[in-house]
Amino acid sequence: MTTGKINVSVENIFPLIKKFLYSDHEIFLRELISNATDATLKLKHLTSIGEAKVDYGNPMIEVRIDKENKKLIIKDQGIGMTAEEVEKYINQIAFSGAEEFLDKYKDSAKDSGIIGHFGLGFYSAFMVAEKVEIITKSYKDEPAAHWTCDGSPEFTLVPSDKTDRGSEIVLHIAEDSLEFLEENKIKELLNKYNKFMPIPIKFGTKSETLPKPEDAPEDYKAETIEVDNIINNPNPAWTKQPADLSDEDYKNFYRELYPMQFEEPLFNIHLNVDYPFNLTGILYFPRLGKDLQIQKDKIQLYQNQVFVTDNVEGIVPEFLTMLKGVIDSPDIPLNVSRSYLQADGNVKKISNYITRKVADKLKSLFTENREDFEQKWNDIKIVLEYGMLSEPKFYEKAGAFVLYPTVDDKYFTLEELKENLKDKQTDKDEKLVILYAGNKEAQHSYIAAAKEKGYEVLLLDSPIVPHLIQKLEADNEKLTFVRVDSDHIDNLIKKEDEVISKLSDVEKEQLKTVVEEIVPKTTYSVQLEALDSSASPFIITQPEFMRRMKEMSQSGGGGMFGMGNFPDMYNLVVNTNSELATNILATQDKTHQEHLVKQALDLAKLSQNLLKGEELTAFVKRSFELIK
C-alpha cells in the first residue's frame with residue numbers, strides 16, 4: 001500500500017474548492033463524465049492506430065446511485081490508469097497550479113472559469129463528496145489500482161482486484177449534498193450537461209417490449225425485458241454533414257432540443273468550419289414577428305458535445321441571440337467567463353464567422369426562392385433589422401436580401417426602391433423620397449392620399465425602424481425616408497404641375513390669422529397649402545425630424561443620441577382650395593367661425609387618434625349641436 005500527501009503547497013485546498021465553486025457545484029457531474037468520455041475516446045484513438053492491442057467494442061459510461069450507502073458511481077470502459085499514472089495524473093499534475101489558482105481567484109468567488117484552468121476538473125468531486133475513490137485498470141497488462149482520499153491532502157493507493165478495463169469513480173456524498181443521491185436530480189443534470197455526449201451514457205434500466213414473432217399464436221403475450229437506459233444522443237445532427245441530413249432531420253433535432261416548443265422553425269443554418277478555428281452548429285430561425293422582448297438564451301453552447309452554457313453573449317452576435325439552436329467549438333473552454341470572452345481573439349473570430357455565415361445563408365435563401373423568403377419576412381425582419389444596426393459586417397451584406405414591404409404586400413430591396421423612385425420623381429436634383437407608414441390602420445387616410453397620386457407607401461412597423469432609417473439615410477446621401485403623415489405629399493415630392501390656390505394672398509393671410517387665433521399656438525404651426533379640392537380641409541402632420549427623434553427617445557434611442565423627451569409639436573395644414581376654407585373666411589359670425597375651425601381641427605385630430613378625454617367629449621357634444 002502506498003500512502004502520501006498530494007503535491008500541493010496549501011493544505012486547505014479542498015475547503016477552498018468547495019467555498020469558491022459552491023455556486024456552481026452541480027458541474028462536478030459534467031466534469032467527471034467529461035473525463036470518462038476523454039478516457040474512452042483516447043482508447044478509441046489508440047486502438048485505431050494499433051497502439052492498444054485490445055478490443056474497443058461498444059463502450060459506454062454508467063452512472064449509478066447507491067442511495068443506501070450514500071454513493072454516486074461513474075464508471076467508464078476507457079483507457080484506465082496504472083498505479084504509476086494515478087500517482088502522476090491525480091496526485092501531482094492536478095495541483096501544479098494550486099498556488100496560482102489561489103492568488104488569482106481568492107477575491108472572485110463567483111467566477112465560474114476556475115475548474116479546468118488548473119486541471120481541477122476531477123477534484124470538483126469534493127464539492128459534493130466527503131470521500132472519493134478511484135478504482136481503475138489500464139488497457140495495458142498491469143495490475144489495477146485503488147486510490148482513496150477523504151478531502152484532505154492525504155491519500156492511499158493500493159492494488160485492486162478489478163479485472164475489467166476502465167475507471168470507476170465512487171463519490172461518498174456529503175451530508176450537505178444529499179440531493180445528488182436523488183434519481184430525478186441526476187437525470188436533470190445528465191439531460192442538461194451530457195445530453196449529446198459522444199459516448200452512450202447509461203443511467204438505470206427501462207422496460208422494453210419484444211416484437212411479436214410472425215408465427216406467434218393468437219394468445220401470444222408480449223414479453224417485456226429490462227434494457228440499459230441510454231439517456232443521451234451520441235450522434236446529434238450538428239456532428240453530421242449537411243448533405244447527410246434532410247429537412248425532417250433538422251426538424252426532429254429542433255424538437256429534441258426544445259421538446260416543449262410546438263411551433264416549427266422557419267428555416268435553419270448549418271455552421272461547419274475547421275479553419276482558422278473549429279466550429280459546428282445549427283441555428284434555427286423561429287417566428288419572431290415584431291416583438292423585441294423575445295426570450296433570449298435559447299442557443300446552447302457546447303465544447304466537444306459537452307454543454308457549457310446557454311448564455312452565448314460575446315460568442316454569438318447579439319442580434320442572433322434571438323435565434324435558437326446549438327454551437328459547438330473545442331476552441332472555447334468548458335467554463336466561459338466574461339473576462340475570458342473579452343480577452344480571447346478566437347471568440348471575436350467565431351462571432352464574425354457566424355455573422356458572415358448567416359448573411360450568406362439568407363442571401364442564398366432569397367436568391368433561390370424569393371417568393372418563399374417574402375412570405376417569411378415579417379417573421380424574421382426584427383432580427384435582420386437589428387443586425388443591420390448592431391453589426392457592421394452584417395450591414396455590408398444585408399442590402400442583397402433585406403426587404404422593404406409596401407402596404408399592398410409588395411416587397412422591394414433598397415436598390416429596387418431607388419430605381420422605382422428615379423422613374424417617378426421629376427426633380428432629379430432633389431433627394432429621393434421614400435414614403436412609409438408605421439401603422440396601416442391609423443395612417444389609412446394619408447396612405448390613401450399618397451396611393452391616389454400613384455406613390456408606393458412602405459409598411460415599416462417594427463420598433464427599431466426610426467434608428468434603422470436614420471442609418472440608411474446616413475449611408476445614402478440622396479435618400480430620405482418620410483412617414484406618410486409627416487407632411488403633405490405635394491410638399492414632399494415636387495411635381496411638374498403645381499396646384500393653383502383659389503384664394504388671393506390677402507385672403508390667405510386673413511384665413512391664417514383667423515385659424516391661428518383659435519388653434520393653440522403651443523402645439524400647432526398653421527400652414528396654408530393649395531391642394532386638390534378633394535383633399536381634406538384640415539390635415540395634421542408632424543415634422544419628420546421631431547417625430548423620429550421622439551420615437552427614438554421612447555425606444556431607447558434618447559440615451560443613444562443624447563436626446564431627452566420631445567414635446568408634441570404638429571403642423572396644421574389648411575387646404576386653401578377646400579370649400580371649408582372659403583366658408584370660414586366668409587363667415588361674419590365669430591362664434592360660428594370658431595365652431596367651424598374647432599370642428600375641422602377635431603376631425604383632423606380624430607383621424608390621427610389625437611382626440612381623447614375632455615376634448616373628445618366636447619367634440620361629440622358640438623357635433624350633435626351642429627346636426628340639430
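Tyrosine 436 sits opposite leucine 458 in β18, and β17 and β18 (residues 458–459) pair in the parallel sense over 2 bridges. Pairing here takes at least two bridges found by DSSP between the strands; strands (E, at least two residues) and helices (H or I, at least four) are DSSP runs numbered from the N terminus. To get from β17 to β18 the chain goes through helix α12 (residues 444–452), in a right-handed β-α-β crossover. Right-handed means that, with the strands pointing away from the viewer, the path from the first strand over the helix to the second runs clockwise.

The model is predicted, with local features needing pLDDT of at least 70 and side-chain atom pairs counting only at pLDDT 80 or more, while totals for chains, interfaces and linings use all residues. Residues are numbered from 1 along each chain as its sequence is written, and side-chain values use heavy atoms, with hydrogens and water left out.

β17 (residues 432–437) also runs parallel to β19 (residues 479–483), joined to that strand by 5 bridges; valine 433 has threonine 480 as its bridge partner there. As for cover, 6 of the 6 residues of β17 are buried, that is, under 20% relative accessible area (1.4 Å probe, protein chains only). Leu432, Ile434 and Tyr436 point one way, and Val433, Leu435 and Ala437 the other.

Elsewhere, lysine 162 lies in the loop between β6 (154–160) and β7 (166–173). Lysine 162 is buried too, at a relative accessible area of 11%. Beyond its neighbours within four places in sequence, lysine 162 is in contact (heavy atoms within 4.5 Å) with residues including Lys75, Ile135 and Glu168.

Technical notes
Buried < 20%, exposed > 50% of the residue type's maximum accessible area, 1.4 Å probe, protein only.
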